[in-house]
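Thanks for coming, everyone. Please bring up the sequence and the structure. I'll take it piece by piece.

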Amino acid sequence: MFNAADVPEALIGKQGYFIPHRAFSRILEQGARAAGDTAFGLNMAPSLHIRTWGAFGAYVSQGRSFVDALQRLMRALPYHGADDRMEIVVRGEEVHFHYDIPSSGMLGYPHYAIAAVRYIQTIAAPYFPPDWVPLRIEFDFPKPRHAALFEDSFRCPVVFDAPRWALVIHREPELLGNPMGDVAPTMTLSDLHRQVRPAAPTDLPEKIRELVRVQMLDGQVDIERAGAQLGLGVRTLQRRLDAHNLVFRDLVLRTRLDRACELLRETQTPITEIAMMLGYASPANFSRAFRQGRGVSPGQFRAHRFAT
């Protein structure tokens, strides 16, 4: 599944990496195809829960009301995705919670959109009676052949081809303001910031650097792969980098050197293995590039680290 989505399998189980929505949606689609299950998203959903999201889930789950939990989710969202957007809109007696997902319209997106509903349901569960259901759910993708399964699964009306993804609930103060017991929240946004990597990259250069970090896991770093993951042709990507006065090759070199410094400083991995891990043709090529970029050889850099 990962290979079919052009994502290194070495990424599995690793933390501290970001991948584009396009790639993640393709992974879900490949999972559906491998399982021969057109309702893959619906069948996957019951196993999902916000509390499995570590510090992120803990922060969101400590809201004093459902709306407070959603507001916490919106504040924490940059740690999940760069271009994701959430909004709460009150319309008469209805409250619409919108989640604008960058992969909307892409292959595999419906599975992602279904999973998002399930996570919101698990956020809502502590604040509402066991039999509570939303007024309706609105999906911004076409009505599938197995549409009847959606209402069976979510136990509420489901709308397709909507302008935006939305979960719609009644505007009922006694429910929206229902306190979560009398336990004060202990997980702050600052706690979340300390426990996870910085927020997902939002500008093009940082997105490219992040893609290069992922590509280095299988040693196949090239501009065609980076462009494909962003849905851009090579020439378009080059033009956009030009606008930042950047060259793809220079971004790759800088990212490789930064990673080399981390490995030399924080591990005992042999220099020859580091060269191979970073995609250099030989240790000599690695040493030459490192000296040009850092002013010392890899061995000298590591020795200085131990001496200080």
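**Starting at R225**

Set aside the neighbours within four places in sequence, and R225 is in contact with D6, P8, Q215, D218 and Q220. A word of caution before we go on: this is a predicted model. Now, where is R225 found? It is in helix α10, residues 223–230. Is R225 buried or exposed? Its relative accessibility is 9%, and buried means under 20%, so R225 counts as buried. Look at Q220 again. The side chain of R225 reaches the backbone oxygen of Q220 at 2.4 Å.

Next, E9. This residue lies in the segment before α1. Its relative accessibility is 45%, so E9 counts as partly exposed. Which residues is E9 in contact with, leaving aside neighbours within four places in sequence? The answer is F2 and N3. Now find L217. In sequence, E9 and L217 are 208 residues apart. In space, C-alpha to C-alpha, they are 8.4 Å apart.

On to helix α5, residues 109–124. Let's check its length. The helix has 16 residues, and at 1.5 Å a residue it should span 22 Å. The expected span counts one less than the number of residues. The end C-alpha atoms are 23 Å apart, which agrees. How many of the 16 residues of α5 are buried? The count is 14, so α5 is largely enclosed by the rest of the structure.

Nonpolar side chains tend to be buried together in soluble globular proteins. Here, the largest nonpolar core has 53 residues. F66, I120, F139, F150, F154 and W165 touch the most other members. Several elements give two or more residues to this core, among them α1 (21–35), α4 (66–76), β2 (94–100) and β5 (166–170). Which element gives the largest share? That is α5, with eleven residues. There is also a second, separate core of 28 residues. Its members include L211, V221, I223 and L278.

Last stop, the strands. Strand β1 covers residues 85–91. It pairs with β2 in the antiparallel sense, over seven bridges. R85 stands opposite D100 in β2. Together β1 and β2 form a hairpin, with two residues between them. In the turn, look for G92. Its phi is positive, about 60°.

Over to you for questions.

Technical notes. Residues are numbered from 1 along each chain as its sequence is written. This is a predicted model: local features need pLDDT of at least 70, side-chain atom pairs count only at pLDDT 80 or more; totals for chains, interfaces and linings use all residues. Side-chain values use heavy atoms; hydrogens and water are left out. Helices (H or I, at least four residues) and strands (E, at least two) are DSSP runs, numbered from the N terminus. Buried means under 20% relative accessible area, exposed over 50%, partly exposed in between (1.4 Å probe, protein chains only). A nonpolar core is a set of buried Ala, Val, Leu, Ile, Met, Phe, Trp, Tyr and Cys residues joined through side-chain atoms within 4.5 Å. A polar contact is a pair of N or O atoms within 3.5 Å; within protein, one must be able to donate a hydrogen and the other to accept it, and residues adjacent in sequence count only if both atoms are side-chain atoms. Contact means heavy atoms within 4.5 Å. Two strands pair if DSSP finds at least two bridges between them.
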